[in-house]
Amino acid sequence: MRSTAALTFAAALSAASLGFSAGTHAQDAYVIGVTAAMTGPAAGTQAPVIEMLRIYVDRLNVKGGINGHRINLLVEDDQAEPSKAAANATKLFRQENVMLVIDSSLSSTYGPVIAEARRAKVPLLFAGAICPKESHPPKPDPVLFCSTGFDFGYDIPVAIDAIKDAAKEPVKIAMIGMPIPISRIGIEMAQKQAEKLGMTTVDTEFIPPTAADYTPFATKIKEGEPNWGFAYSPWQTEVRTFEALRRLGWGGTYLCYGHIQAEEELKRIADGGFNVFSANALFQDNLPVQQEMRQAAADGKYSYPVSYADEGWITGRAIEQILTKTGWPADADKIAEAMSHLDLDTQGLRGGPLVWTAENHFRTKQYYRFYRYDPEQKSIVRVRDWLAVDVVN
Amino acid sequence: MSLQLLANVIVLAAIYALVGSGYVLIYRVSRVLNLAHGELMMVGAYLLVALAGLFPLNPPLALALAATCGLLMGIAVYAVLMRWMTGEAVLAAVLITIALGILLRGLTILIWTTQQFYPGASFGWRNPPVHLARGVQISSASAALVCLTAVVYLGLLVFLRFTRWGVRMRAAGQNPLLAEQRGIRLHGVYALAWGLSTFTAALAGMLLSLDAGVDLNMATIGLKAFPAALVGGLDSLPGAALGALIVAAAEIAAIQYVDPLLSDVVPFIVLLVILAIRPWGLFGSREQLDRV
């Protein structure tokens with residue numbers, strides 16, 4: 001069976017974090033730790049990232065590794081729980097003596113992992129999970145880096161501006177989020193941005209992820225008679241609220257962030273009023289790199305649709321470039337130094353390169369595309385091509 | 001309260017009632033609190049995912065097979081796991097169900113990963129809205145769930161009151177020692193109770209997955225239905241239905257008039273209030289509580 005699935009099975013059975021390695025845990029390998037939500041409520045978004053990263057690293061190892069040395073990936077499941085993330089951080093930084101740690105989980109788990117990374121002075125890379133503010137310019141934390149596509153500080157203004165541009169009549173907007181920190185902050189920012197642009201926020205709902213039925217929330221939203229809906233939260237809340245609104249007969253237009261599930265879901269929902277914006281390209285582009293990803297996913301028995309693989313693949317490529325630059329022998333300091341000079345060609349998976357400098361561990365430009373399903377063409381169409389946003393100091 | 005709100009209350013109550021009936025069936029017969037009920041419901045939904053993939057052109061067959069698998073899964077759980085807990089402390093049996101829940105979550109990830117699935121999409125079914133009155137709509141899956149809940153409750157009440165096996169189940173629940181002395185095979189009765197309980201859970205899981213898809217978070221809905229069963233009284237099916245209605249009404253009122261964030265805690269607030277006033281639940285048996 002699939003190794004990642006087997007790992008998560010074992011993790012769930014024991015209700016404790018377990019590790020697996022992509023090779024022997026030896027001193028002559030690049031040792032990279034991962035703490036990620038492989039199970040638990042966020043696993044649907046985070047586990048596919050780490051599984052594709054694992055496939056990417058396995059491919060590198062099959063080819064002889066980097067600079068003649070294998071990459072040893074140690075994956076720990078935090079189940080999106082801060083206490084488990086803390087235990088993982090202790091294990092990875094203090095016992096395993098890793099050179100780099102990758103974090104792919106909910107922001108609520110970041111605190112103890114960041115604290116351990118700072119103490120150990122080992123770089124910490126956030127992948128497919130929200131970028132902490134401390135990775136942003138002009139004075140990023142020396143050990144914190146981020147390759148994730150989305151970032152609420154840039155996502156929200158772009159999205160609300162796009163609604164303003166697209167609206168043909170005064171905008172009455174409903175805001176939808178989940179009661180988790182990043183979604184709350186994003187929605188509060190969206191409210192302010194909407195107000196600044198002359199829109200009327202008619203309702204704001206933070207919907208618990210444990211809701212058995214989204215119709216009661218949709219009923220309340222619909223009563224405000226919005227002509228637009230904007231959601232910024234994990235995918236399940238974004239899409240289930242929209243579908244509940246449609247079943248109640250709501251006819252407005254909806255915009256939400258396009259998480260890794262977006263491409264599959266746009267086709268399933270097939271509704272012309274359902275718009276997503278995303279920092280990653282969709283697989284319908286069929287770029288050369290996407291063809292390579294398809295092959296890698298098939299060879300590595302990727303458990304998810306290949307359209308879920310962008311974040312994991314980009315992280316894998318970033319690690320490949322970083323370790324190549326680091327050379328051998330490697331240590332955390334050398335890796336952090338190489339990370340501070342990253343210039344990664346995303347090969348069309350994003351609108352431009354992923355660039356890190358000593359003053360910027362996030363990126364120099366952020367890119368967005370907007371998509372929706374066109375019922376007449378029966379396919380996903382680009383509403384707006386790559387929109388570049390300067391990352392300000 | 002508008003008619004739409006009333007419709008929302010009925011749908012949510014039906015979800016809790018259908019799930020809650022499973023808690024009651026097992027508790028009533030064997031005094032075991034099945035804390036893996038939410039996971040069993042989730043597995044029922046995933047079974048439909050698998051069967052929808054196998055029979056995309058024949059939804060009734062896929063649904064019937066998934067429900068049957070749910071029934072057999074319950075019997076298998078009893079035969080393989082719970083049978084050996086007969087005669088042991090109730091707490092030990094409850095702990096076994098917790099372990100079972102963890103095991104089922106792990107197996108689900110192993111087989112279906114953490115991805116969200118939509119069995120309705122495999123059937124090409126769009127879950128259209130059903131217009132109940134002017135401006136009052138619910139989804140087709142929700143309408144089916146309400147109807148099915150009514151059928152299940154009616155069926156269970158008739159079964160328990162008028163059939164031989166139903167009477168045996170009641171007897172085993174009231175006095176297992178005497179029941180066995182009278183020739184009732186307790187293992188058969190308990191296995192049937194587990195089968196029926198898992199069957200109802202699977203039905204709930206299947207219909208919820210047809211409405212909004214299924215992922216690992218579905219198991220938490222089982223936990224939210226637990227207060228409904230407790231409010232009504234853990235050994236009473238009518239009590240579970242009434243408890244579900246009370247909890248659902250309180251939850252919808254909180255969403256609509258107070259704060260949607262309260263919807264998670266309201267079922268437990270209702271539970272605390274009821275337990276403070278009537279610890280054995282609205283329709284529960286005081287005698288049974290004393291025995292515990």
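Me: How are H7(A) and H11(B) oriented to each other?
Reply: In this predicted model, helix H7 (residues 215–223) of chain A and helix H11 (residues 237–258) of chain B pack at an angle of about 25°. Angles under 35 degrees count as roughly parallel. H7(A) and H11(B) are therefore roughly parallel.

Me: Which residues of H11(B) meet H7(A)?
Reply: The axes of H7(A) and H11(B) are 10 Å apart, and H7(A) passes H11(B) in a right-handed crossing. From H7(A), the residues at this contact are Pro216(A), Phe217(A) and Lys220(A). In H11(B) they meet Ile252(B), Ile255(B) and Gln256(B).

Me: What radius of gyration does chain B have, and why does the value agree with a compact globule?
Reply: Chain B has 292 residues, and a compact globule with that number would have a radius of gyration near 19 Å. The C-alpha atoms fill a box of roughly 55 × 45 × 35 Å along the principal axes. The value for chain B agrees with the globule because it is 19 Å.

Me: What distance does H4 of chain B reach from its first C-alpha to its last?
Reply: H4(B) covers residues 90–112, which is 23 residues. At 1.5 Å a residue, 33 Å is expected. The helix comes close to that, reaching 32 Å.

Methods: Residues are numbered from 1 along each chain as its sequence is written. Chains are lettered from A and ligands numbered from 1 in the order in which they are written. This is a predicted model: local features need pLDDT of at least 70, side-chain atom pairs count only at pLDDT 80 or more; totals for chains, interfaces and linings use all residues. The radius of gyration is taken over C-alpha atoms; the globule rule is 2.2 Å times the number of residues to the power 0.38. Helices (H or I, at least four residues) and strands (E, at least two) are DSSP runs, numbered from the N terminus. The expected span of a helix is 1.5 Å times one less than its number of residues. Axes are lines fitted to C-alpha atoms, for helices over the stretch in contact, and angles run from 0 to 180 degrees between N-to-C directions. Angles under 35 degrees count as roughly parallel, over 145 as roughly antiparallel, 65 to 115 as roughly perpendicular and the rest as oblique. A crossing is left-handed if the near helix is turned anticlockwise from the far one by less than a right angle, and right-handed if clockwise. Two residues are in contact if their C-beta atoms, placed from the backbone, lie within 7 Å.
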